[in-house]
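Please keep the structure in view while reading the numbered points.

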Amino acid sequence: MSNRIGFLGPRATFTHFAVQSFFGDEVEQVPYTTIPQCIDAVADGEIDFAVVPTENALEGSVNLTFDYLIHEQPLYIVGEIVSPIEQHFMVHPSRKNDWENVTRIYSHSHAIAQCHKFLHQTFKGITYDYATSTGAAASYVSNHPEESVAAIANNLAAKEYGLEIVKANIHDYHYNHTRFAILHPSNKAEYTSPYLTPDKEKTTLMVTLPSDQSGALHQVLSAFTWRKLNLSKIESRPMKTGLGNYFFIIDIDMLVDEILIPGAIAELEALGCSVKLLGSYEAYSISQQIEKEV
Ligand SMILES: O=C(O)C(=O)Cc1ccccc1
């Protein structure tokens with residue numbers, strides 16, 4: 001039986017491209033309108049894996065994903081896919097000669113943020129509308145030819161929804177990549193990619209510091225440092241229990257082993273921290289830009 005893979009849809013989002021590039025056509029691809037709906041679906045067993053965006057090189061973490069995983073649905077990250085991202089400006093074909101006069105721009109908040117310089121120079125003072133995904137924005141523009149609105153999305157979305165790309169590659173910085181997490185209820189999930197081989201191994205921990213203890217973060221970091229555990233990310237997020245209460249998401253550049261990571265976790269717990277393993281997994285990179293059709 002083929003795996004069912006849920007993703008932030010509709011068709012032709014960047015997440016769909018990541019799913020297609022990683023799993024290929026052998027799996028059943030199931031679009032969800034929002035990240036929480038996709039996460040709920042894998043928690044409920046409706047799909048085998050969920051693929052959702054976690055971090056963009058220009059815009060930072062996708063807070064909705066981490067917050068939902070931490071506060072609502074405790075799942076494991078069982079894999080990571082990193083994909084290059086190119087943003088294009090597109091309109092309904094009937095507006096292709098008049099695109100500079102659109103009055104609204106519709107897209108995912110991260111896509112709009114990735115193109116701020118271009119948008120500021122070309123459309124000062126224009127209204128932005130935020131969509132659940134770039135694909136949803138492209139679909140809306142396609143279904144509303146009477147509205148003076150443009151979408152920011154990828155090549156696949158332009159093809160899928162019959163839009164005209166009037167300005168390609170409008171993202172402000174060349175190095176624009178997004179990480180996507182593969183989520184599953186258990187941390188021992190089996191899947192394969194017919195196309196990609198892993199290029200990194202990672203472990204992600206959530207660490208809550210003991211309250212009001214001076215130097216606690218320094219002690220946490222030193223538990224990793226003296227074991228020579230390389231950290232590739234440390235980020236704080238609000239606990240949502242009151243102003244000033246934060247936890248940390250920490251990425252370590254190796255899989256959970258028998259000694260080093262368990263030793264670091266035991267040391268953190270002895271300091272009064274609470275530590276949760278969010279995943280220990282392989283990371284894969286998609287090297288080519290979006291060219292082929294989903
Ligand atoms: O909206 C999409 O297409 C997504 O998959 C989320 C996203 C948005 C912007 C950049 C990368 C991923």
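**Notes on the predicted model**

1. Helices (H or I, at least four residues) and strands (E, at least two) are DSSP runs, numbered from the N terminus. This is a predicted model, in which local features need pLDDT of at least 70 and side-chain atom pairs count only at pLDDT 80 or more, while totals for chains, interfaces and linings use all residues. Residues are numbered from 1 along each chain as its sequence is written.

2. UniProt, in an unreviewed entry, places the feature "domain: Prephenate dehydratase" at residues 4-185. The record also lists "domain: ACT" (unreviewed entry) at residues 205-282. UniProt positions are given in the numbering used here, feature names are shortened, and annotations may be inferred rather than shown by experiment. Residues 205-282 are 27% helix and 36% strand, with end C-alpha atoms 15 Å apart.

3. The chain is divided into domain 1 (4-85 + 176-184), domain 2 (93-167) and domain 3 (200-282); these bounds come from an automatic or database domain assignment. Between the C-alpha centres of domain 2 and domain 3 the distance is 40 Å.

4. Which domains contribute to the shell around the ligand? Domain 1 and domain 2 each provide at least three of its residues. Helix 1 (14-23), strand 3 (49-56), helix 4 (109-114) and helix 6 (134-143) each supply at least two. Of the 14 residues around the ligand, Thr 13, Phe 14, Thr 15, Ser 133 and Thr 134 come nearest; a residue is near a molecule or strand if its C-beta atom, placed from the backbone, lies within 6 Å of it. The shell comprises five nonpolar, nine polar and no charged residues. Ala, Val, Leu, Ile, Met, Phe, Trp, Tyr, Cys and Pro count as nonpolar, Asp, Glu, Lys and Arg as charged, and the others, Gly among them, as polar.

5. Ile 35, Pro 36 and Ile 39 in helix 2 meet Leu 64, Thr 65, Tyr 68 and Leu 69 in helix 3, where contact requires C-beta atoms, placed from the backbone, within 7 Å. By class, this contact of helix 2 with helix 3 has six nonpolar, one polar and no charged residues.

6. Two backbone details deserve attention. Most residues other than glycine have a negative phi, and most peptide bonds are trans. The peptide bond from Gly 9 to Pro 10 is cis, with omega near 5°, and Pro 10 lies in the loop between strand 1 (4-8) and helix 1. Asn 169, which is not a glycine, has a positive phi of about 50°; Asn 169 is in the loop between strand 10 (164-167) and strand 11 (177-184).

Note on methods. Contact = placed C-beta atoms within 7 Å.
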